[in-house]
Amino acid sequence: MASGNHSTITDFILLGLSADPQIQALLFVLFLGIYLQTLMGNLLMLLVIRMDSHLLKPMYFFLSHLSFLDLCFSSTTVPKLLENLLSHRKTISMRGCLVQVFFLYDTGGTEACLLSVMAYDRYVAICHPLLYAQIMSSKLCKELVWGSWSFSFLDALINILFAMDLDFCGERTIPHYSCELPSLLSLSCSDVSTNFIVMLCSGLLHGIGTCVLIISSYTLIVSTILRISSSTGRSKAFSTCSSHLTAVLLFYGSAFLRYIVPTSYLSLELIFSVQYSVITPLVNPLIYSLKNNEVKAAVRRTLKKNL
């Protein structure tokens, strides 16, 4: 971490998605619509899971936390994006920037952990169906969820504590619509080697670590499904994890593309960033409601009961 006097910079400039006022107006309408649909879709999922007794299963307990995470993940960046699309002064305070980085790390990391937990849940359901209720007890489910939240909170806190001691020497323009830690490191005139190592370790733990757990679970799942003799049985077994697999591919695929694109390809980086932080929270409830018959039936029952 850097030592010495801190800089007097109190805010950063977010360049956003476009400098054209007409395009900004169109983008505001578009992202406002996406954000409202994200809120409604995930709130509806939370309401349905809480109110419908048929969804009192571990998978839906995890799904309710995924919906809550998507609400938080989207709300970390989109409101500020909407504000800046209408504002001539597209700034964010240094404190606000650090808060945004913290919640991006916290919610994004928790979602990665939760997706790996859901993969384990599908592994137990398909590979050990007779022991499912015994293994996936209410106590274990709560421990897995709160473990995901706690680990990601600690990881985000460590990164932010190091980032709080950075010095900035004049350049304060971020070529993005939100604050992210790599952007702050590139603007700092401090020695960021420690920050980079901490960021890399947390990325490996959350990105590679959870990905390995998911791949291991699905390797065993596929192996079990292929041993099922009837095609109907194989199809039924695969359908129980197709929604989760789609959500995993969307989340990890967009995150992978977001962070491997060279910074010189700014427009492409912004597209993948929007897909990762804005589109994914929107489509997750659609994936689970359209591809899961139990959720579709529960939504119909809830709407019929309350409308």
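This is a predicted model: local features need pLDDT of at least 70, side-chain atom pairs count only at pLDDT 80 or more; totals for chains, interfaces and linings use all residues.
Residues are numbered from 1 along each chain as its sequence is written, and side-chain values use heavy atoms, without hydrogens and water. Local features need pLDDT of at least 70 and side-chain atom pairs count only at pLDDT 80 or more, whereas totals for chains, interfaces and linings use all residues.

The protein contains 10 helices and three strands (DSSP runs of H or I with at least four residues, and of E with at least two, numbered from the N terminus). Their order from the N terminus is β-α-α-β-α-α-α-β-α-α-α-α-α. The radius of gyration, taken over C-alpha atoms, is 21 Å, close to the 19 Å that the globule rule (2.2 Å times the number of residues to the power 0.38) gives for 307 residues, so the protein is as compact as a globular protein of that length.

The mean pLDDT (the predictor's confidence in each residue, from 0 to 100) is 86, and 94% of the residues score at least 70. Confidence is highest in helix 5 (residues 138-163), at a mean of 94, and lowest in helix 10 (residues 293-306), at 76.

Helix 2 (residues 58-86) packs against helix 3 (residues 94-127) at an angle of about 160 degrees, with the axes 9 Å apart; axes are lines fitted to C-alpha atoms over the stretch in contact, and angles run from 0 to 180 degrees between N-to-C directions. Helix 2 is therefore roughly antiparallel to helix 3, a term for angles over 145 degrees.

Notes:
Angles under 35 degrees count as roughly parallel, over 145 as roughly antiparallel, 65 to 115 as roughly perpendicular and the rest as oblique.
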